[in-house]
Amino acid sequence: MTLATLTKPWAAFSYGFLDASAKREMRRKMLKAIAVPGCQMPYASREVPMARGWGTGGLQVTLTLLKPSSSVKVIDQGADDSVNAASIRSFLSKVSGAAETWDTQAATLIQSRHRIPEERLRADQVLVLQVPNPEPLRPVEPNMSVARQMHADADYGRLWLILYEQMVRSGRIMEGAAYPALVNRRHVMTPSPIPRWDVPKLHMAEHLTFLSAGREKRLYAVPPFTQVEPLVFSDVPYQVEDHGALRCHRSGVTGYYMNEIPQDNGGSVFELSDSNLGIKAIRRAEGAQVEIGPTWYENGKMPQ
Amino acid sequence: MAYVATRGGERAIAQSERLYRAELGQIDAARVDTLRKTLPMLIDRVMGEASLYEPDLAALALAQAGGDLYEAVLLLRAWRTTQPRLSIAEPVLQDRLFTHRRISAAFKDIPGGQILGPSLDYAHRLLATDVLRGRPFTPAPVDPAPTPAPACQPSLAAWQKAHGLVADPAPVEVAPDDIPDLTREPLLFPAKRAHTLQSLARADTGGMLALGYSAMRGYGSAHPTVNELRLAEAEVRVRHPRGTVFSAGRVKVSQAEVTSKGKSGLLELGFCATLGWNEVKVISGATLDLNARGAAKGSPVEEEFFLYHTEPVEASGFCIHFKLPHYVTFQSSLDALRGAKAAPAPTKPEQVPA
């Protein structure tokens with residue numbers, strides 16, 4: 001027996017870029033995150049060949065989950081062809097041999113920045129959300145060690161207070177994206193800067209969601225069939241963006257989250273934010289055989 | 001398929017990268033070699049922030065990034081993190097450093113002597129414009145001292161400790177293999193001492209200067225006196241699997257120890273060391289370290305504040321990420337804004353009779 005027979009042939013990088021010790025730490029922290037839904041787990045967060053703040057947290061989770069048989073979809077703002085999504089997707093397939101896809105239905109693994117696809121995710125799919133700031137308490141407590149103590153004490157009073165103050169000042173809750181939500185009735189998490197439209201999709205979902213912030217070195221999870229409740233007062237219902245009646249000027253589809261495109265004439269047109277859903281709708285209208293899966297929203301409304 | 005035609009996606013990013021690289025031209029070994037030889041201070045700064053001592057790779061990273069320091073540091077960090085940790089070197093001791101420069105502002109003269117070493121501190125900062133007119137600048141030769149300074153110097157703090165002048169917290173005994181490693185563990189607060197020092201060692205020079213300077217100007221309570229500043233070479237002593245300890249080579253290191261009188265009535269010390277020679281960084285870092293004890297939450301001299309905000313890869317990455325599209329979140333805010341405009345004005349509180 002020689003040393004050579006005991007070792008693998010030399011390779012410039014490990015499979016899936018991250019080395020075995022990094023992946024082991026990731027697996028442990030990801031399992032821990034599943035065990036305590038919504039609770040932020042600190043992790044080492046290795047440097048990856050992309051700048052911090054560009055999806056490095058999501059990337060480390062995705063790289064840990066990837067295998068050659070995976071089919072990976074990457075979106076930014078809902079679009080597969082957005083420049084950074086394209087860059088991440090090509091890196092993922094290059095280092096793992098996984099197939100690339102734009103189709104939500106065909107993907108086994110979806111890494112996303114700021115959106116959850118409109119088609120319902122299944123139990124055999126994993127969603128990885130990129131998170132810039134994992135701390136829902138940041139607006140009331142920028143110090144991370146103090147905020148950590150507040151989570152331990154379930155001390156969320158000041159978070160309720162800012163929602164109340166918004167109502168007093170503006171007549172409504174003014175939170176835009178990244179609306180704080182209570183997970184499994186214990187930890188408040190930020191669902192990452194997804195629009196309010198997308199937060200109800202996480203509630204009692206069939207799929208597993210990981211949320212990972214590479215720069216801030218924290219990851220957390222929403223396991224399947226877990227309660228995710230946006231913070232609301234009992235007499236003030238949760239309000240998603242008023243997009244239910246908007247119509248996509250390209251595909252003609254209505255009832256989903258839209259991008260507003262300002263026009264020269266002073267008005268606006270709207271287009272579907274979930275770009276692949278738009279493509280599928282157009283192709284179907286052109287007569288192609290395209291399968292569009294069931295969507296979370298029906299006729300612009302989230303069924304209760 | 002008109003839906004996607006307006007976005008360039010893959011082609012756009014490929015061409016954008018080509019455009020950038022076209023400006024830099026061909027990168028060859030000669031260019032890397034020239035950078036390494038002619039810009040030692042820059043190479044040192046990059047190696048320190050990357051926490052990777054490899055001048056050739058640092059020069060390569062600078063060449064590849066066209067001199068963008070944050071890009072160069074990221075290139076090196078991303079390479080470094082894939083490398084296995086083969087061995088942990090023995091601790092470097094002050095009095096074993098091969099010292100090139102060692103000064104103290106605390107005393108006129110110190111045991112072992114003040115050694116100026118290489119420095120521009122007292123140079124007149126005049127541009128050698130003749131160089132551009134074809135007359136090369138040739139530095140005057142150094143006249144060696146009649147008696148060379150000893151290679152190793154004692155630590156000044158050791159003298160102060162012997163005189164009972166310095167607050168001397170008991171060292172925490174850690175086996176070399178158990179030293180916490182910031183590159184393999186998250187930084188949490190209150191930070192382990194090893195994490196603090198490692199974090200300072202790889203901090204961004206400019207960021208550290210900004211926060212350190214704010215402390216020096218008065219946003220910190222302790223005014224630093226440079227107890228000892230050293231530029232040195234350290235022997236990297238590692239244990240061979242057979243048990244023999246051998247030197248794997250030397251690395252340039254810089255360290256600063258600053259001091260001020262603490263509340264205890266004793267001198268307190270702040271410390272910072274880094275790979276490579278970088279005086280501004282270690283003096284700033286040591287000043288922050290000195291001020292960190294008991295600092296108020298959220299003040300610039302609080303450990304959590306300055307360590308998080310001087311991490312070059314994290315800070316620069318997050319800064320440039322704002323170039324990424326944010327139109328989904330912006331749309332969400334617009335919706336709330338329009339909703340508030342449309343909503344009836346908040347009801348006025350009822351008038352309570354006086």
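This short talk walks through the two chains of a predicted model, one chain at a time, and then turns to the contact between them.

Since we are looking at a predicted model, local features need pLDDT of at least 70 and side-chain atom pairs count only at pLDDT 80 or more, whereas totals for chains, interfaces and linings use all residues.

Let me start with chain A, which contains seven helices and 12 strands; here helices (H or I, at least four residues) and strands (E, at least two) are DSSP runs, numbered from the N terminus. Its C-alpha trace spans about 75 × 55 × 35 Å along the principal axes.

How much of chain A counts as buried? Of its 304 residues, 49% do, where buried means that 20 or more other C-beta atoms lie within 10 Å of the residue's own, exposed means 12 or fewer, and partly exposed is in between, with C-beta atoms placed from the backbone.

Which way do the neighbouring strands β1(A) and β9(A) run? Strand β1 of chain A, residues 41-42, is joined to β9(A) by two bridges and the two run antiparallel, two strands being paired if DSSP finds at least two bridges between them. Within that pairing, Pro42(A) has Arg218(A) as its bridge partner. Strand β8 of chain A, residues 208-213, also runs antiparallel to β9(A), joined to it by five bridges, and there Phe210(A) stands opposite Ala221(A). The hairpin of β8(A) and β9(A) has four residues between the strands, and in it Lys217(A) takes a positive phi near 60°.

Chain A is also divided by its domain assignment into domain 1 (20-230) and domain 2 (242-287), with bounds that come from an automatic or database assignment. The C-alpha centres of these two domains of chain A lie 26 Å apart, and 14 residues of domain 1 are in contact with eight residues of domain 2, contact meaning that the C-beta atoms of two residues, placed from the backbone, lie within 7 Å.

Now for chain B, which has 13 helices and four strands. A compact globule of 354 residues would have a radius of gyration near 20 Å, but chain B has 26 Å, and 32% of its 354 residues count as buried.

One helix to look at is α2 of chain B, residues 10-24, whose 15 residues reach 22 Å from first C-alpha to last, close to the 21 Å expected at 1.5 Å a residue; that expected span is 1.5 Å times one less than the number of residues. This helix α2(B) is hardly covered, for the count of buried residues in it is zero. Just after α2(B) comes Gly25(B), with a positive phi of about 70°.

Chain B is divided into domain 1 (15-80) and domain 2 (94-117 + 150-169 + 180-315). The contact between these domains of chain B takes 12 residues from domain 1 and 14 residues from domain 2. On the domain 1 side, α4 (40-50) and α6 (69-80) of chain B each supply at least two residues, and α4(B) gives the largest share, six residues.

Finally, how many residues does each chain bring to the contact between chain A and chain B? Chain A brings 55 residues and chain B brings 44 residues. On the chain A side, the elements that give two or more residues include α5 (144-152) and α7 (275-285), while α4(A) gives the most, with five residues. By class, that side of chain A has 21 nonpolar, 18 polar and 16 charged residues, where Ala, Val, Leu, Ile, Met, Phe, Trp, Tyr, Cys and Pro count as nonpolar, Asp, Glu, Lys and Arg as charged, and the others, Gly among them, as polar.

Note on methods: Residues are numbered from 1 along each chain as its sequence is written. Chains are lettered from A and ligands numbered from 1 in the order in which they are written. The radius of gyration is taken over C-alpha atoms; the globule rule is 2.2 Å times the number of residues to the power 0.38.
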